[in-house]
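Hi,

Here is the structure I promised to pass on.

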Amino acid sequence: MARLGSWIEPFPEGIYVRPADAWIDPSQRKERALVTHGHADHARGGHSRVWATPETLAIMGVRYGDQNGVPMAYGESVRIGEVDVTFVPAGHVLGSAQIVLDHAGERIVVSGDYKRREDPTCAPFEPVPCDIFITEATFGLPVFRHPDTGSEIDRLLHRLHSDPSRSVLVGAYALGKAQRVITELRRRGHEQPIYYHGAVERLCRLYEELGVSLGEMRHCAGVPKQEMAGHIVIAPPSALNDRWSRRLPDPVTAMASGWMRIRQRARQSNIELPLVISDHADWDELTCTIRELQPREVWITHGREEALKHWCMLHQIKARELNLVGYEDEDD
């Protein structure tokens, strides 16, 4: 009797689906690529053909140029080789998807990156019962329990209003995190203009084109320093301690990341205002998702694999580590 899931095989550069002759999130150029979302550690340019959501294809277009893409709406299925492939929401960033694979009476769900809490910029995670659940474990340790997002945004606004002579410079990754922070600020009633670094401009514009309203945004270039006092500025993390930040009025340096739970990381990066806002599932969300789906096996792609594997084994769930390479923290 064939081993469960014997028709897919993990390689360092991605997951190969043999009966479809296709790869999921390959880090090298392939003939057929199924892409879960647009972050650079999952979506690479140069594939001969790409299956992804329309939003992910648009993001890849901005980053890598036009793709030979097959757009997949959520819930839509397509037959590739001998496998039925369906894309369902992952709740990670705009256009992010889990890839559901049905073949030989087995169902495998490749979740990509995901989170379970509400995010106004993307469709929420959709649980799909399966035989094998392939999960990330970026925050796969019990220490990682993310606080309420609204309370973190309230801390940001409190710091902004406590000293109107300063700006608050928020480090946030250009795809997903920047737009989420902006929309969360709008939800908390912050209607003032938000200034931005040029590195986040293209993707913010794309989000607007795809229906995510960000409110009034202003480019920092050429703006007098004092005009930005009392305002929030969004920039990539690399800009926080860069010469570029000197154009701002005595900025409070903030960072929006799940890694801000580790205070030493904040101190090492000279972060005054660590904001624990993550686009990944935390420990409770990872384990609750596995409980909800009740898979026969859990395969863990990247992150804190050993701890999550140990938890699965304690709960009588067969688990294995896939040891993929090249999946970094760009989108934390």
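Predicted model: local features only at pLDDT ≥ 70, side-chain atom pairs only at ≥ 80, totals over all residues.

Residues are numbered from 1 along each chain as its sequence is written, and side-chain values use heavy atoms, with hydrogens and water left out.

The protein chain contains seven helices and 19 strands (DSSP runs, H or I of at least four residues for helices and E of at least two for strands). Its C-alpha trace spans about 70 × 45 × 30 Å along the principal axes. Of the 332 residues, 58% are buried, meaning under 20% relative accessible area with a 1.4 Å probe, protein chains only. Among contacts (heavy atoms within 4.5 Å) with a separation of 6 or more, 61% join residues 24 or more positions apart.

Now the cysteines. How many disulfides does a search of the whole structure find? The search finds zero, a disulfide being a pair of cysteine sulfur atoms within 2.5 Å. For C204, the closest cysteine sulfur is in C220, and it is 12 Å away, so a bond is ruled out by distance. C220 is likewise in no disulfide, with the sulfur of C204 as its nearest at 12 Å. C204 counts as buried because its relative accessibility is 7%, and C220 counts as buried at 1%.

Best wishes

Notes: Buried < 20%, exposed > 50% of the residue type's maximum accessible area, 1.4 Å probe, protein only.
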